[in-house]
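Let us read one model together, a feature at a time, with the general idea given before the case at hand.

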Amino acid sequence: MELAKRLKLRHFAQYIWTHYLAGSLPNRCLLCHQSLSADKSGICSVCLQACLYRTPICLGCGKSMLIQIDYCGECQKQAPIKVIAPCSYHQGLGPWIAAIKYQRQLAALPVLCEALAERIRQLEQQGLVTFPQAILPVPLHPKRLRQRGFNQAWLIAKELSHSLNLPLVDNSLRRIQDTKPQAGLTGAQRRRNLYDAFELESEFTYQRIALIDDVVTTGTTIAEISRLFEARFVQVQVWCLARAEAPGLLDDLDVI
Ligand SMILES: [Zn+2]
Ligand SMILES: [Zn+2]
């Protein structure tokens, strides 16, 4: 076989291994491909630790801080919605979180949810967050749910509801508009795209909730949903598997 063809074949085989086979073997770490013990799947503890936040993080903007308090100096003034995540989307786990949604690669889901639950427990013990009375996944429009077959936010909420023993409420908040994907839109377009996209039932009685999503990027979705809750004096915090920082903030992070 001529060299070019052989190289192409090798790349193809490598691509298939990295993207499909290595990741789909249940007893191998998705990142380093080392064997995992029979009761584990997804990501080994060494890779996980390497990808989690290593510095205290502002719960408002995601900026790295010297000590763990709730907000950085900038955020103290506004006290924005607290977003709790165990890691940055840009520190290694991002592709696997995207793979949950787009490739149904669910092997990493339990270990990521446990890392999030652990972070929530720690912050609660430090008095920086209060446990909510209920958790609500960011809903998909029924049409999108039919296409994808599952809502990744609901899967995360289900795991958290179990490990933190909190009620999962999935019938009060609805997505009533099938909006365009947010990726690639400018800030103003994102806000316009999502305006009035959600609806909250009139009988909602909880006072303190956590919204669950896979990734929080610009926070437009969260801002749009929390408008509905704040109008009813419901306190909102956000729990997600990873936070995608604004490019300027990345310089401050201990990126590996
Ligand atoms: Zn590993
Ligand atoms: Zn901040």
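Q: Where does Arg104 lie?

A: A word on the model comes before the answer. This is a predicted model, in which local features need pLDDT of at least 70 and side-chain atom pairs count only at pLDDT 80 or more, while totals for chains, interfaces and linings use all residues. Residues are numbered from 1 along each chain as its sequence is written, and chains are lettered from A and ligands numbered from 1 in the order in which they are written. Arg104 lies in the loop between helix 4 (89–103) and helix 5 (109–125), where helices (H or I, at least four residues) and strands (E, at least two) are DSSP runs numbered from the N terminus.

Q: What is the phi of Arg104, and is Arg104 buried or exposed?

A: Most residues other than glycine have a negative phi. Arg104, although not a glycine, has a positive phi of about 55°. A residue is buried if 20 or more other C-beta atoms, placed from the backbone, lie within 10 Å of its own, exposed if 12 or fewer, and partly exposed in between. Arg104 counts as exposed because it has 11 C-beta neighbours inside 10 Å.

Q: In which order do the four strands form the open sheet?

A: Two strands pair if DSSP finds at least two bridges between them. Here the order is 1-6-5-2, with parallel pairing, and strand 1 and strand 2 are the edge strands, each pairing on one side only. Strand 2 is joined to strand 5 (residues 208–216) by four bridges, and Ala134 has Ile209 as its bridge partner in strand 5.

Q: Which residues cover the two faces of strand 2?

A: In a regular strand the side chains alternate between the two faces of the sheet. In strand 2 (residues 134–137), Ala134 and Leu136 are on one side and Ile135 and Pro137 on the other, and all are buried.

Q: Which residues touch the most other members of the largest nonpolar core?

A: A nonpolar core is a set of buried Ala, Val, Leu, Ile, Met, Phe, Trp, Tyr and Cys residues joined through C-beta atoms within 7 Å. Of the 56 residues in the largest one, they are Leu112, Ile212 and Val238; helix 5 gives this core its largest share, seven residues. Leaving aside residues up to four places away in sequence, Leu112 touches Leu93, Ile97 and Leu241, contact meaning that the C-beta atoms, placed from the backbone, lie within 7 Å.

How values were computed: Two residues are in contact if their C-beta atoms, placed from the backbone, lie within 7 Å.
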